[in-house]
Amino acid sequence: MTPGEALAALPDGLRDDIVNAFNRIVSNYREHRWEPAELNGGKLCEGIYTAITGYVDGQYADRSSKPRDMVRACRELEQKPSSVPRAIKVQIPRMLLALYEIRNNRGVGHAGGDIDPNLMDATAVLYMSKWLMAELVRVFHDLTIEEATSLVESLVEREVPQVWAEGNRKRVLSPGLTWKQKALLLLLSENGPVRESDLVKWLEHPNVARFRRDILRPAHKESLIDYEESALTIRLLPPGVLQAEDLVRPV
């Protein structure tokens, strides 16, 4: 399944509302913009609430909307018939309430909150958002937790200022980086596996065999990447994502 198919059951506008809110949370968190990351948690809640009520009713709204009372609306979902999956009527709504509470009562949504926006709260927002997205995808498509989680990671739009792209051409703009660092940045700019031939071309590395020996195989052993030598494809793994994101700086 491709990322574009992940929420294909939803109308385009509602799907865009959910995916865009999720990507803004991830992007703001990466840039250490704690308050915007938390604010977008509220928008994600509204989009996912609209999606699960559409699932229950059998008809989806075109765009996300905010219920008059989010707490009451989520609790009312728990009264739906037993034929409705528990994830839809209980587990997702309860997580929505936790996320919405941070949005409204942790010094984010309005003046007078008792806690300033901070890393701890923004981290909670990020991982609750990932859980909600993965659970939504899992239920809609009858996937395993591992499959849904992997698919949600592929929905993340990663903006890498050091990477210039045009069509199938890419270049790393920052001087002074090692081949390994450049490779990680290029892999970060892609949502899925990258062909070895494309990565070598983007890097303008002079020797493919040496690149495999010195960069790809060691990075594979370090679990930074998954290098599939039989298929000649490379996928960035979570430890590699962390190293690559540490390199992301405005050009």
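Trainee: At roughly what angle do the axes of α7 and helix α10 cross?
Mentor: Good place to start, and keep in mind that this model is predicted. Helix α10 spans residues 238–247, and its axis and that of α7 come within 9 Å. The two axes cross at roughly 100°.

Trainee: Are α7 and α10 roughly parallel or roughly perpendicular to each other?
Mentor: The axes cross at roughly 100°. Angles of 65 to 115 degrees count as roughly perpendicular. The two helices, α7 and α10, are therefore roughly perpendicular.

Trainee: How many residues of the contact of α7 with α10 are charged?
Mentor: On the α7 side you will find Lys180, Gln181, Leu184, Leu185 and Leu188, and they meet Gly240, Val241, Gln243, Ala244, Glu245 and Leu247 of α10. Six residues of this contact are nonpolar and three are polar. The number of charged ones is two.

Trainee: Which word describes how α7 and α8 lie to each other, oblique or roughly perpendicular?
Mentor: Helix α7 covers residues 179–188 and helix α8 covers residues 196–203; their axes come within 10 Å and cross at roughly 120°. The range for roughly perpendicular is 65 to 115 degrees, and roughly antiparallel applies over 145. The pair α7 and α8 is therefore oblique.

Trainee: Is the crossing of α7 and α8 left-handed or right-handed? And how many residues of that contact are charged?
Mentor: α7 passes α8 in a crossing that is right-handed. Trp179, Lys182, Ala183, Leu186 and Leu187 of α7 make the contact with Leu199, Trp202 and Leu203 of α8. Seven of these residues are nonpolar and none is polar, while the charged ones number one.

Trainee: Which helix supplies the largest share of the lining of the largest cavity?
Mentor: The count of cavities of 30 Å³ or more comes to one, and the largest cavity has a volume of about 40 Å³. Its lining consists of Lys180, Ala183, Leu184, Leu187, Ile215, Leu216, Ala219, Ile225 and Ile234, of which eight are nonpolar and one is charged. Both α7 and α9 (208–221) supply at least two lining residues. The largest share, four residues, comes from α7.

Trainee: Let's turn to another pair. In which sense, left-handed or right-handed, does α1 pass α5?
Mentor: Helix α1 (residues 12–30) packs against helix α5 (residues 119–141) at an angle of about 145°, with the axes 10 Å apart. Residues of α1 including Phe22 and Tyr29 meet residues of α5, among them Leu126 and Met133. This contact holds eleven nonpolar, two polar and one charged residue. The crossing of α1 and α5 is left-handed.

Notes: Residues numbered from 1 in each chain as written. Predicted model: local features only at pLDDT ≥ 70, side-chain atom pairs only at ≥ 80, totals over all residues. Heavy atoms only, no water. Axes fitted to C-alpha atoms, helices over the stretch in contact; angles between N-to-C directions. Parallel < 35°, antiparallel > 145°, perpendicular 65-115°, else oblique. Left-handed = near helix turned anticlockwise from the far one by under 90°. Contact = heavy atoms within 4.5 Å. Nonpolar A, V, L, I, M, F, W, Y, C, P; charged D, E, K, R; others polar. 1 Å grid on protein atoms, 1.4 Å probe; cavity = no way out; pocket = protein on both sides within 12 Å on 5 of 7 lines; lining within 4 Å. Points joined across faces, edges and corners; volume = space filled by probe spheres on them.
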